[in-house]
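Please look over the structure below before reading on. The notes that follow are grouped by topic.

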Amino acid sequence: MNKDQQKVVQYLSEAHAHEQALTRVLQSQIAMTPRGSYRTLLETHLDETRRQTDRIERRLRTLGQGGNAVTAVVGVMQSVVGQALAIGKTPIDLVRGSGGEEKVLKNAKDACATEALEIATYTAIERLAEQVGDAETAKLAASIRAEEERMLERILKEIPKLTTAVVRADLRGDSSYDLTSTGAAEAVREAGNAARATTRKAVSTAKRTSRQARKVPGVAQVEGQLKGVVASEEDLAIPRYDELTAEEIIAKLPGIAQIELAKIDSYERINQNRSTVLERISSLRGDEPWTGYDELTAADVIAVLNECDDDRAREVREYERAHKNRVSVMKAAERELTTA
Ligand SMILES: [Fe+2]
């Protein structure tokens, strides 16, 4: 490879790394942006950015630089999992229900800066490629630059609207930011549906049922956790929560479903953060007969019971007694234990 080509490869590789980083930034922005035109714009540009990354990669390969360094990084973070993970990074004050509008506006301003940088990057690549006689790369850079220019224009159009939302929320006390409609919340719900579908399938394939059901992740808990951070006192499964002492709360915790425990856990962490309460919750949350149990219907559990051993049936009986008290499930567990 001659010096001219090396320079082109260097610039393209930098642009490639930048697009990959942007994929992650866009995902975390989508995670904290409620449904609406700005979110749609981000989602569209996420797809566009992935295609740009591919196009640059292909060009680099043609230029003899398609090796591992370039292709390695793309992975898990580009999937829906990335969005769900981003919940963990959502700033706590945002999750507490204040400042959401302002955070989205700030993200949008950052996105403008990012797009401007990309426009400059592709302008430089185009000129460089032209001057070293690489028409193919010049064409690619011009085409990507046009996409970035459109994106910048569209974000700029969103800015006044996003600012109006800040004025309404922060100055007029009329918040429109809805955590439950953010990309992260929607990703969690989708994951929940997928997990439930998987569980149902597992239940119908009799033999390995109980083993498979064990693998279903506790999506209800994540969902509860997310709801808890925006919950107010009256949303909790324990009435007059704020007036109760830690001891009184601890006495009421057994018997509460996992999703509600998760909600209380988040609420407690944000408010009084008493270690005694949190410790009791975490010991109760480990109690499910298998992970994901709480998301199953009574019929699902009974189907598993028909296939499982005594130990598992005993665990189900104890858990139901302590938490959910579903007569049909307890009867089925009992039957399993007496016929065995
Ligand atoms: Fe881009």
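**Briefing on the chain**

Just after helix α15, asparagine 325 takes a positive phi of about 55 degrees. The model is a predicted one. The chain contains 16 helices and 0 strands, and 37% of its 340 residues count as buried.

**Helix α15**
- Helix α15 covers residues 310-324; its 15 residues should span 21 Å at 1.5 Å a residue, and the 20 Å between its end C-alpha atoms agrees with this.
- The buried residues of α15 are Arg312, Ala313, Val316, Arg317, Tyr319, Glu320 and His323.
- In general, an α-helix has 3.6 residues a turn, so residues three or four places apart point the same way.

- In soluble globular proteins, nonpolar side chains tend to be buried together.
- The largest nonpolar core in this chain has 17 residues, and Tyr38, Ala108 and Leu162 have the most contacts inside it.
- At least two residues of this core come from each of α1 (3-32), α2 (37-62), α6 (100-131), α7 (135-172) and α8.
- Leaving aside residues up to four places away in sequence, tyrosine 38 touches Thr33, Val104, Ala108, Glu158 and Leu162.
- A second, separate core has 15 residues, including Ile302, Val304, Ala313 and Val329.

**Contacts across the sequence**
- Of the contacts in the chain between residues at least 6 apart in sequence, 75% join residues at least 24 apart.
- Glutamate 186 and arginine 35 are 151 residues apart in sequence, and their C-alpha atoms are 9.3 Å apart in space.
- Glutamate 186 is in helix α8, which covers residues 183-204.
- Glutamate 186 counts as partly exposed because it has 19 C-beta neighbours inside 10 Å, whereas a buried residue needs 20 or more.

**Loop residues with positive phi**
- Arginine 240 is in the loop between α10 (219-230) and α11 (246-252).
- The phi of arginine 240 is near 50 degrees, a positive value in a residue other than glycine.
- Arginine 240 has 10 other C-beta atoms within 10 Å, so it is exposed; the cut-off for exposed is 12 or fewer.
- Asparagine 273 lies in the loop between α12 (258-270) and α13 (275-285).
- Asparagine 273 is not a glycine, yet has a positive phi of about 55 degrees.
- Asparagine 273 counts as exposed because it has 9 C-beta neighbours inside 10 Å.

Methods: Residues numbered from 1 in each chain as written. Predicted model: local features only at pLDDT ≥ 70, side-chain atom pairs only at ≥ 80, totals over all residues. Helix = DSSP H or I, 4+ residues; strand = E, 2+ residues; numbered from the N terminus. Expected span 1.5 Å × (residues − 1). Contact = placed C-beta atoms within 7 Å. Core = buried A, V, L, I, M, F, W, Y, C linked by C-beta atoms within 7 Å.
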